[in-house]
Amino acid sequence: MRHGVRHEVEEAIGMPVMVEAGTEEREVLLSAWEEQRAALRRAVSGLTDEQAHSRPSVSELSLAALLAHAVRGEPAWIPVLRGRGGDWTDRDGEAEFTPPAGQSVGDLLREHRRVGAEVVRAVRDLPGDLGRRVPMPVTPWGPPEEPRSVRWILLHLITEAARHAGHADLLRESLDGATAPDLMEPRT
């Protein structure tokens, strides 16, 4: 395992994913982020494309929609982490939850892993400590454009991934009754 972050969670689906014990803050935060991202991928494990695109609850969300949102939203933070806040006023938050036509869940899962690896590389390549402040993007929803620390951005990414992992757990259980602990059981 490189730098303590579990990149190949899909191959270890039978094992619980826990934040790595460590002392280097950057790696511990990346591990926490990956733990939540893995929970989203795990919720899709074993489903058909039709199931992953279905809306089994009163919510407009599907598991595929959550993956599409992560795939589009996470890499947008890379320029921000590098100190180039940017302008996000034209981003369509609702459209980010719409899976691209014709894209399979397998495609979304591969893309989710790829963009996660890009963010991890960007965070590891950042100079200085996580207290370094960077300009925030201009958005219609906030936060204000005041600079935030790189640590704040990483905690925000963890919070967002955890929120969506919780949504995914509920959607999966609504689909077929499988709970997160069920999905971590070794397959026989």
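Start by selecting Arg148 and Trp152: the charged end of Arg148 sits over the ring of Trp152, 4.6 Å from the ring centre. "Over a ring" has a cut-off here: NZ of Lys or CZ of Arg within 6 Å of the ring centre and within 35 degrees of the ring normal.

Before moving on, some housekeeping. You're looking at a predicted model, where local features need pLDDT of at least 70, side-chain atom pairs count only at pLDDT 80 or more, and totals for chains, interfaces and linings use all residues. Numbering runs from 1 along each chain as its sequence is written, and side-chain values use heavy atoms, with hydrogens and water left out.

Next, pick Arg91 and Trp88. Arg91 lies over the face of Trp88, 4.2 Å from the ring centre.

(Rings of Phe, Tyr and Trp, the last by its six-membered ring, pair if their centres lie within 6.5 Å; planes under 30 degrees apart are stacked, over 60 edge-to-face, the rest tilted.) Trp77 is in helix H4 (residues 77-81), while Trp88 is in the loop between H4 and helix H5 (105-125), eleven residues apart. Helices are DSSP runs of H or I with at least four residues, and strands are runs of E with at least two, numbered from the N terminus.

(Buried is under 20% relative accessible area, exposed over 50%, partly exposed in between, with a 1.4 Å probe and protein chains only.)

Now show helix H1 (residues 25-44) with H5. They pack at about 175 degrees, with axes 11 Å apart; axes are lines fitted to C-alpha atoms, for helices over the stretch in contact, with angles from 0 to 180 degrees between N-to-C directions. H1 and H5 are therefore roughly antiparallel (over 145 degrees; under 35 is roughly parallel, 65 to 115 roughly perpendicular, the rest oblique).

Within H1, click Ser31. Ser31 is buried, at 4%, and its C-alpha lies 9.6 Å from that of Val120, though 89 residues separate them in sequence.

Last stop: Arg172 in helix H6 (residues 150-176). Arg172 is buried, at 6%. Beyond its neighbours within four places in sequence, its contacts (heavy atoms within 4.5 Å) include Arg42, Val44, Leu63 and Leu183.
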